[in-house]
Amino acid sequence: MLYMLLLYGSEAGEEKPSAKERRKLFQAYEDFTQWIKERGKYRDGNALEPSSAATVVRVRDGKTLTSAGAFAQTAEQLGGYYLIDADNLDEAIEIAARVPRATSGRVEVRPIQV
């Protein structure tokens with residue numbers, strides 16, 4: 001079964017990491033990605049640009065309306081995702097718990113509708 005792991009964290013509340021901390025975090029994601037690839041669970045994944053780079057599209061009364069930046073009434077923003085193939089929800093949760101973002105933000109596990 002396919003699951004989307006949505007990685008959330010605070011863009012505003014986080015201090016900018018030092019170069020050493022960025023390398024360590026990048027390596028943690030590389031290690032995690034390699035780990036799920038080796039197990040045949042990886043389908044896709046990417047980091048996202050900050051929410052300020054987003055464009056929101058709405059259609060009202062047949063008119064397309066756009067606004068800059070993601071609309072979020074939350075302290076956390078979507079920062080990336082993994083698409084995984086897990087046997088069941090329990091396995092998807094086990095995988096999500098290993099995502100580096102889980103220790104400083106949250107990872108939402110959502111089944112893909114088929």
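Predicted model: local features only at pLDDT ≥ 70, side-chain atom pairs only at ≥ 80, totals over all residues.
Local features are given at pLDDT of at least 70 and side-chain atom pairs at pLDDT 80 or more, while totals for chains, interfaces and linings use all residues. Residues are numbered from 1 along each chain as its sequence is written, and side-chain values use heavy atoms, with hydrogens and water left out.

**View 1. Overview of the protein chain, with two helices and six strands.** Helices (H or I, at least four residues) and strands (E, at least two) are DSSP runs, numbered from the N terminus. Read from the N terminus, the elements follow the order β-α-β-β-β-β-α-β, and the C-alpha trace spans about 50 × 40 × 20 Å along its principal axes. Of the 114 residues, 26% are buried, where buried means under 20% relative accessible area, exposed over 50%, and partly exposed in between (1.4 Å probe, protein chains only). Where residues at least 6 apart in sequence are in contact, 77% of these contacts join residues at least 24 apart; contact means heavy atoms within 4.5 Å.

**View 2. The open sheet of four strands, in the order S2-S5-S1-S6.** The pairing is antiparallel, and two strands are said to pair if DSSP finds at least two bridges between them. S2 and S6 stand at the edges with a single partner strand each, so one side of each has no neighbour in the sheet. Neighbouring strands are turned by 20° against each other on average, direction ignored. Six antiparallel bridges link S1 and S6, and Tyr3 stands opposite Pro111 in S6. H1 packs on the sheet, where it touches S1, S2 and S5, and its direction makes about 25° with that of S5. H2 also packs on the sheet, touching S1, S5 and S6, and the direction of H2 makes about 35° with that of S1. For these angles, axes are lines fitted to C-alpha atoms, for helices over the stretch in contact, and angles run from 0 to 180 degrees between N-to-C directions.

**View 3. Helix H1 (19-38) and its buried side.** The arc is that of the directions from the helix axis to the C-beta atoms. After H1 comes Gly40, with a positive phi near 70°.

**View 4. Helix H2 (residues 89-96) and its cap at Asn88.** Glu91, Ala92, Ile95 and Ala96 are the buried residues shown in H2. These four cover an arc of only 140° around the axis, which puts them on the same side of H2. An α-helix has 3.6 residues a turn, so residues three or four places apart point the same way. The buried residues of H2 pack against S1, H1, S5 and S6, while the face turned away from the buried side carries the exposed residues Asp90 and Glu94. At the N-terminal end, Asn88 caps H2 through a side-chain oxygen that lies 3.1 Å from the backbone nitrogen of Asp90.

**View 5. The hairpin of S3 and S4.** S3 (55-60) and S4 (63-68) pair in the antiparallel sense over six bridges, with Arg58 opposite Leu65 in S4. Two residues lie between the strands, and Asp61 in the turn has a positive phi of about 50°. S4 is hardly covered, as the count of buried residues among its six residues is zero.

**View 6. Two loop residues, Ser51 and Glu76.** Ser51, in the loop between S2 and S3, is buried, with a relative accessible area of 18%. Neighbours within four places in sequence aside, Ser51 is in contact with Glu11, Gly69, Ala70 and Gln77. Glu76, in the loop between S4 and S5, counts as partly exposed at 22% relative accessibility. A polar contact of 2.5 Å joins the side chains of Glu76 and Arg106; such a contact is a pair of N or O atoms within 3.5 Å, and within protein one must be able to donate a hydrogen and the other to accept it, with residues adjacent in sequence counted only if both atoms are side-chain atoms.
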